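Colleague: I would like to go through this model with you. Could we take it element by element?

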Amino acid sequence: MERSPLLKVEHIEVTYKQRQQRKVIIQDVSFELYPGEMVALTGKSGAGKSIVSHALVGLLDKGLSVTKGQILFEGKDIVTFDEKQFEHLRREHMALMIQHSLNGLAPARLVKKQMLETIRQRRPCSKKELEQLLLNLLNDVGFKEPEQILESYPFELSGGMRQRVLLAMMLSLQPKILIADEPTTALDLVNRERILGLLKQFQHRLGLTVLLISHDENSIKKYADRVIHMDEGGVLL
Ligand SMILES: Nc1ncnc2c1ncn2[C@@H]1O[C@H](COP(=O)(O)OP(=O)(O)OP(=O)(O)O)[C@@H](O)[C@H]1O
C-alpha cells in the first residue's frame with residue numbers, strides 16, 4: 001500500500017515585500033515528509049532553511065509571505081491559514097524548536113512555570129498530574145534529578161541542559177511533526193550527539209516525524225533517514 005505524506009511542500013516561493021521593495025527569498029522549494037521519518041534539510045547559511053521552517057508553522061517575519069505553491073499538512077493546504085488556525089496547528093500538530101536554546105526559554109522565569117504553561121495548552125488535567133508528567137518528560141530527556149530542573153531558571157542551566165528542557169517542552173505538546181531548527185549549533189560535540197540521539201530515540205519510540213534543519217550536514221547525516229539540500233533559495237535534488 002502506498003503511504004501518504006504527512007507534509008507535502010509543493011513549489012513554494014517566499015517573497016519579502018516592504019513599501020516599493022520586493023524580493024523573492026526562496027523559490028520552487030518542494031519536499032515531502034512521511035510519517036515517522038527523520039529528514040534533514042541542509043544547505044549553507046542564508047540558503048533559506050529557517051524561512052522554510054517558519055513558513056511551515058505560520059511564523060514568517062513581517063514583510064515575508066508565501067507567494068506561490070502549497071504546503072499540505074495531512075492533505076490540507078495550510079498556506080491560507082489565519083493566525084488562529086496556525087496557533088491550533090502549532091499547539092496540536094507541528095512543534096518548532098528554534099535556533100539557540102535561550103530563544104525558546106525566557107532566561108529568568110522558572111522552568112516549571114514555562115513548562116506548565118506549554119503543557120496546559122494541550123492537556124487539561126490537575127496541577128499534580130501535570131507536574132508528574134513534567135517530571136517524566138524531563139526524565140525522558142535524561143535528567144536524573146528532574147525536580148531540581150523544574151525549580152531552576154534557564155540562565156542557571158548549561159546550553160545542553162536548556163536544549164533538553166526545550167525538547168521536553170516540545171514533546172509535552174505531543175506533536176505529529178517536530179521541526180528542529182539548528183538544535184545543536186551552540187553545543188559542544190558531546191551535547192550535540194546527545195540531543196540528536198534523543199531526537200532519534202523519540203522518532204523510534206513515539207513514531208515522531210522529525211524535520212532536522214542544519215547547515216552542518218556532516219553532524220546530522222548519520223541520524224537522518226534522508227537528506228534534502230537547499231541552495232540559495234531552492235532545493236537541489
Ligand atoms: N525577516 C527577513 N526579512 C527579509 N529577508 C530575510 C528575513 N529573514 C531572512 N531573510 C533572508 O532570507 C535568506 C534566507 O535566510 P534564512 O535565515 O532562512 O537562511 P538559513 O538557511 O536558515 O541560514 P542559517 O543557516 O544561517 O540559519 C537570507 O538571504 C536572509 O537575508
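Colleague: Which helix, together with strand 7 and strand 8, makes a right-handed β-α-β unit?

Modeller: This is a predicted model. Strand 7 is joined to strand 8 (residues 209–214) by five bridges, and the two run parallel. The helix that makes the right-handed β-α-β unit with these two strands is helix 8 (residues 189–206).

Colleague: In strand 8, what is the bridge partner of Ile179?

Modeller: Ile179 lies on one side of strand 7 with Ile177 and Asp181. Strand 7 and strand 8 are joined by five bridges. In strand 8, the partner of Ile179 is Leu211.

Colleague: Which residue stands opposite Ala180 of strand 7?

Modeller: Strand 7 also pairs with strand 6 (residues 94–97), in the parallel sense and over four bridges. The residue opposite Ala180 is Met97.

Colleague: How many of the five residues of strand 7 (residues 177–181) are buried?

Modeller: In a regular strand the side chains alternate between the two faces of the sheet, so each face is examined separately. On one side Ile177, Ile179 and Asp181 are buried, and on the other Leu178 and Ala180 are buried. Strand 7 is thus mostly covered, and the count of buried residues is five of five.

Colleague: What is the order of the strands in the open sheet of four?

Modeller: The pairing in this sheet is antiparallel. Strand 2 (21–33) and strand 5 (76–77) are the edge strands, each pairing on one side only. The order is 2-1-4-5.

Colleague: Is Gly48 buried or exposed?

Modeller: Gly48 sits in the loop between strand 3 (38–42) and helix 1. Its C-alpha atom is separated by 6.3 Å from that of Ile26, 22 residues apart along the chain. Because Gly48 has 21 C-beta neighbours inside 10 Å, and 20 or more is the cut-off, it counts as buried.

Colleague: Which element gives the largest share of the shell around the ligand?

Modeller: The ligand is surrounded by 14 residues, and the closest are Ser45, Lys49, Ser50, Ile51 and Asp61. By class the shell has five nonpolar, seven polar and two charged residues. The largest share, three residues, comes from helix 1.

Colleague: Which residues is Arg90 in contact with, leaving aside its neighbours within four places in sequence?

Modeller: Arg90 belongs to helix 2 (residues 83–92). It counts as partly exposed because it has 18 C-beta neighbours inside 10 Å. Its C-alpha atom is separated by 25 Å from that of Gly43. Beyond the sequence neighbours, the contacts are Val57 and Ala95.

Colleague: What is the radius of gyration of the chain?

Modeller: The chain has nine helices and 10 strands, and its C-alpha trace spans about 50 × 45 × 40 Å along the principal axes. A compact globule of 237 residues would have a radius of gyration near 18 Å, and the chain agrees with this, at 18 Å.

Methods. Residues are numbered from 1 along each chain as its sequence is written. This is a predicted model: local features need pLDDT of at least 70, side-chain atom pairs count only at pLDDT 80 or more; totals for chains, interfaces and linings use all residues. Two strands pair if DSSP finds at least two bridges between them. A residue is buried if 20 or more other C-beta atoms lie within 10 Å of its own, exposed if 12 or fewer, and partly exposed in between; C-beta atoms are placed from the backbone. Two residues are in contact if their C-beta atoms, placed from the backbone, lie within 7 Å. A residue is near a molecule or strand if its C-beta atom, placed from the backbone, lies within 6 Å of it. Ala, Val, Leu, Ile, Met, Phe, Trp, Tyr, Cys and Pro count as nonpolar, Asp, Glu, Lys and Arg as charged, and the others, Gly among them, as polar. The radius of gyration is taken over C-alpha atoms; the globule rule is 2.2 Å times the number of residues to the power 0.38. A crossover is right-handed if, with the strands pointing away from the viewer, the path from the first strand over the helix to the second runs clockwise.
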